[in-house]
Amino acid sequence: ALDGMDVEYTHVGDASGNFMKNLDSSIQWDLIIVGAESRSSIQGEFWDVINRKMIMSKTALIAEVWYLKDLGGGKIRNVMTNCGISYQSNWPLAESIFWTEPDHPLFTAFNTAMPLINYNRYWTDTGGDFVRLIPGSTAHIVAGAYQKHNTDYGLITVCMDGRMVFQTFSNHDFHHDDVVKLWQNYIVYTLTNHFNATGQ
């Protein structure tokens, strides 16, 4: 997704130590991307640092985290609370994902991103996690398991004035080209809102 766009980025791959080193540095990142395919590497203090960056520097965040049930709340809860969401339940297996706000810029700006109706199950033990809005939330559940549910059964949530996209399913279960288009939209949307918030 990034290689198809005119952006500079730092990629650390699976090296979680290098990820933390970059996160917890003096660099003023515009956007942090957590593509956590591993269900154990990114937890605990990572979320403390990410939360601090989002609050203090208005850093944007795209987080693919589909193992919330394994974290037992943990330190990611602070990020989720600031987003305005909470864990609802496990999604047993990947199925079609529907847009609950089909006209949202997340699906129309840069690319036209079609709902992830088609899937190829890569993981056979879980599809991810559902989230719900907490009382007083200003977050938007823009995609989920049901087309007309916008407060629960969420799988893609937008929050923090559009600076955060929280995805709770694995990219691997869906068609590559569809996911790349969607992620390019994530990047454009969150960066735009970061720059608006910081006046850059």
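What is the handedness of the crossing of helix 1 and helix 2? The legends below take up this crossing and several other places in a predicted model.

As this is a predicted model, local features are reported at pLDDT of at least 70 and side-chain atom pairs at pLDDT 80 or more, whereas totals for chains, interfaces and linings use all residues. Residues are numbered from 1 along each chain as its sequence is written, and side-chain values rest on heavy atoms, with hydrogens and water left out.

**Figure 1. Overview of the protein, with six helices and eight strands.** Helices (H or I, at least four residues) and strands (E, at least two) are DSSP runs numbered from the N terminus, and from that end the elements follow the order α-β-α-β-α-α-β-β-α-β-β-β-β-α. The radius of gyration, taken over C-alpha atoms with a globule rule of 2.2 Å times the number of residues to the power 0.38, is 16 Å, close to the 16 Å that the rule gives for 200 residues, so the protein is as compact as a globular protein of that length. The C-alpha trace spans about 40 × 35 × 35 Å along its principal axes. Of the 200 residues, 46% count as buried, where buried means under 20% relative accessible area, exposed over 50% and partly exposed in between (1.4 Å probe, protein chains only).

**Figure 2. The crossing of helix 1 and helix 2, which is left-handed.** Helix 1 (residues 16-23) and helix 2 (residues 45-56) pack at an angle of about 30° with their axes 10 Å apart, the axes being lines fitted to C-alpha atoms over the stretch in contact and the angles running from 0 to 180 degrees between N-to-C directions. That makes helix 1 roughly parallel to helix 2, a term for angles under 35 degrees. A crossing is left-handed if the near helix is turned anticlockwise from the far one by less than a right angle. Ser 16, Phe 19, Met 20 and Leu 23 of helix 1 make the contact with Glu 45, Phe 46, Val 49, Ile 50 and Lys 53 of helix 2, contact meaning heavy atoms within 4.5 Å. These residues divide into six nonpolar, one polar and two charged; Ala, Val, Leu, Ile, Met, Phe, Trp, Tyr, Cys and Pro count as nonpolar, Asp, Glu, Lys and Arg as charged, and the others, Gly among them, as polar.

**Figure 3. The contact of helix 2 with helix 4, including Asn 78.** The axes of helix 2 and helix 4 (residues 76-83) come within 8 Å and cross at roughly 30°, which makes helix 2 roughly parallel to helix 4. Helix 2 contributes Trp 47, Asp 48, Asn 51 and Ile 55 to the contact, and helix 4 contributes Ile 76, Asn 78, Val 79 and Asn 82; these residues comprise four nonpolar, three polar and one charged. Asn 78, which is partly exposed with a relative accessible area of 40%, touches Asp 48 and Asn 51 when residues up to four places away in sequence are not counted. Asn 78 and Asn 51 lie 27 residues apart in sequence and 7.3 Å apart in space, C-alpha to C-alpha.

**Figure 4. Pro 115 and Phe 110 in the loop between helix 5 and strand 5.** Pro 115 counts as partly exposed, at 28% relative accessibility, and touches Ile 97, Phe 98 and Trp 99, leaving aside residues up to four places away in sequence. Phe 110, although not a glycine, has a positive phi of about 85°.

Conventions:
Parallel < 35°, antiparallel > 145°, perpendicular 65-115°, else oblique.
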